[in-house]
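Hi,

Here's the structure I promised to hand over. Have a look at it first, and my notes follow below.

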Number of protein chains: 2
Amino acid sequence: MDKFYIDRIAIVGVGLIGGSVASRLKRQHSVGEIIGVGRGQQNLEHALDAGLIDVAVTDVRDALDANMILIAVPVRQVESVLKKIRTGRNEKILVTDVGSTKGDFAKLAREIIPERLGYVVPGHPIAGSEKTGSRAADPELFDDKNVILCPLEETHGEAVSAVKGLWDSCGARVVTMPEAAHDKIFSAVSHLPHVVSYCLVEMMNRRSDASELFDFAAGGFRDFSRIAGSSSEMWTDICRANRTHILEDLEAFIGNLKNIQGLLRSEDFEAIERIFNDASTARNNWASKQ
Amino acid sequence: MDKFYIDRIAIVGVGLIGGSVASRLKRQHSVGEIIGVGRGQQNLEHALDAGLIDVAVTDVRDALDANMILIAVPVRQVESVLKKIRTGRNEKILVTDVGSTKGDFAKLAREIIPERLGYVVPGHPIAGSEKTGSRAADPELFDDKNVILCPLEETHGEAVSAVKGLWDSCGARVVTMPEAAHDKIFSAVSHLPHVVSYCLVEMMNRRSDASELFDFAAGGFRDFSRIAGSSSEMWTDICRANRTHILEDLEAFIGNLKNIQGLLRSEDFEAIERIFNDASTARNNWASKQ
């Protein structure tokens, strides 16, 4: 495998993800110039001072001479970024992103830059932390993590290879699948669990005995509810973007809870133990492989 | 506060909880003799070798000359332990336990040793780990953890004080409440989350694309599903013991999920963001106080 090298990359949004990509590329000397694009002056200045980026600009249009644009902003801002990219003369500029849902990004690209789809590579690194901003940048954030790429039918093979090279050089495992498969999988393993955890904590919080409940909540609650501490803005966007799959999974989940409810009502504890046992076996098998 | 001291305590079930109590009492020189009662020969031998217990017996009836009996066996075995305790001549022997549900223990005590209720102190230490057996004994397991005591109407004040002294000396914070209040609180903060986590993992595991789902499950899933790795036997027993409260909470939770389902269907993302935000605020407030 040839060592990855890129002359010029524009990173739109130098936060945890964008900053971590920048720091890895710099550490590996895999990049000529990194243009950081952002609205937060302090954050960009830190990124410059820390050597994560070489140039800081506030408008994507001032970064369109790059070879690749990595869009790493909250999903609400993607539309306006794509509209600015459209104004650039270089139609062969590679466009990739890091959003948690992929169908919506593909749809926006089809609407806004339909003539450039050969160079569009939707992407999703499965990595993160509770920290935000360029100060949280970590060159090892993606080591052994999955990055899903969802090339469109129109995407050129070389475009996929280039973006794969970027993530390979960040230490990630790159997996390719259609955007619909991605959104279906992540609805089940991530989006539904978030909705469920939010819903359970909000229900507890609304009870008249809420303060007593939180007083006695312990380790099991800590683990279960951790994802309910996530950004409500980001997760509302994910619900909007992946609404259809989440609705399907939510319907199935409510059905499963009703089944357990029926078994509890009829005191069929053998069946309940079978369900619990299947779950604990599957969970412990999974955990032993991590 | 006088230093706690007990001449002779019988610990029925020298596992993680029983063994940890033993190791703390020994470390503090707060005990004359510890009689370990158990069925697992290897486990008891380890407890003897490690100095957690002074005497090992296999039958509770051989430990009834103790001042206090701490019942720390799985809840299915509690009934037979109480029946053996009934055979002892000393009606003033203190009887306490460590089960996760308290209404069922109180009910069994009322049925089996009705003439001794003055000496019965149902208890629940909110501490644990994934480890089991006397090898997992940790004298600091209860430091700053809550222990709930649920004295019966009949329980003598001195009996409560003695059991409170035991847990104080283990470093725990002792809280007293009626058994029904205990079971209602723990249904919401522990039992329902376990049922929900089991149900979600079992649903994933039953899907035809299960292996793909588990391949891409990451950090959020790890936290959310950790409690689904718990003992299915123990959690079935908890469902049996606290069935009424769990059914109430499950009904309310299904109603809340249906509400979110309705909001998703009607695309009321403002309302969804409010729910997510209330949950994340409550969760992060809680976490900041831990």
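**Helix crossing between the chains**

The axes of α6 (residues 179-206 of chain A) and α10 (residues 243-265 of chain B) come within 10 Å and cross at roughly 120°. Axes here are lines fitted to C-alpha atoms, for helices over the stretch in contact, with angles from 0 to 180 degrees between N-to-C directions. Helices are DSSP runs (H or I, at least four residues) and strands likewise (E, at least two), numbered from the N terminus.

On the α6(A) side, V195(A), C199(A), L200(A) and M203(A) make the contact, and they meet A252(B), F253(B), N256(B), L257(B) and I260(B) of α10(B). Contact means C-beta atoms, placed from the backbone, within 7 Å. By class that is eight nonpolar residues, one polar and no charged. For the classes, Ala, Val, Leu, Ile, Met, Phe, Trp, Tyr, Cys and Pro are nonpolar, Asp, Glu, Lys and Arg are charged, and the others, Gly among them, are polar.

Before you go further: this is a predicted model, where local features need pLDDT of at least 70, side-chain atom pairs count only at pLDDT 80 or more, and totals for chains, interfaces and linings use all residues. Residues are numbered from 1 along each chain as its sequence is written, while chains are lettered from A and ligands numbered from 1 in the order in which they are written.

**The wider interface**

In total, 69 residues of chain A touch 69 residues of chain B. α6(A) gives the most to chain A's side, with 17 residues. That side has 41 nonpolar, 16 polar and 12 charged residues.

**Inside the chains**

A22(A) sits in helix α1 (residues 16-27) of chain A. It counts as buried because it has 27 C-beta neighbours inside 10 Å (buried is 20 or more other C-beta atoms within 10 Å, exposed is 12 or fewer, partly exposed in between). Its C-alpha is 9.1 Å from that of D138(A), 116 residues apart along the chain. Beyond neighbours within four places in sequence, A22(A) is in contact with I11(A), V14(A), I34(A), L52(A), I53(A) and A137(A).

Over in chain B, helix α4 (residues 103-112) has D104(B), F105(B), A106(B), L108(B) and A109(B) buried. These pack against α3, β5, β6, α6 and α9 of chain B.

Cheers

Definitions and conventions. Two residues are in contact if their C-beta atoms, placed from the backbone, lie within 7 Å.
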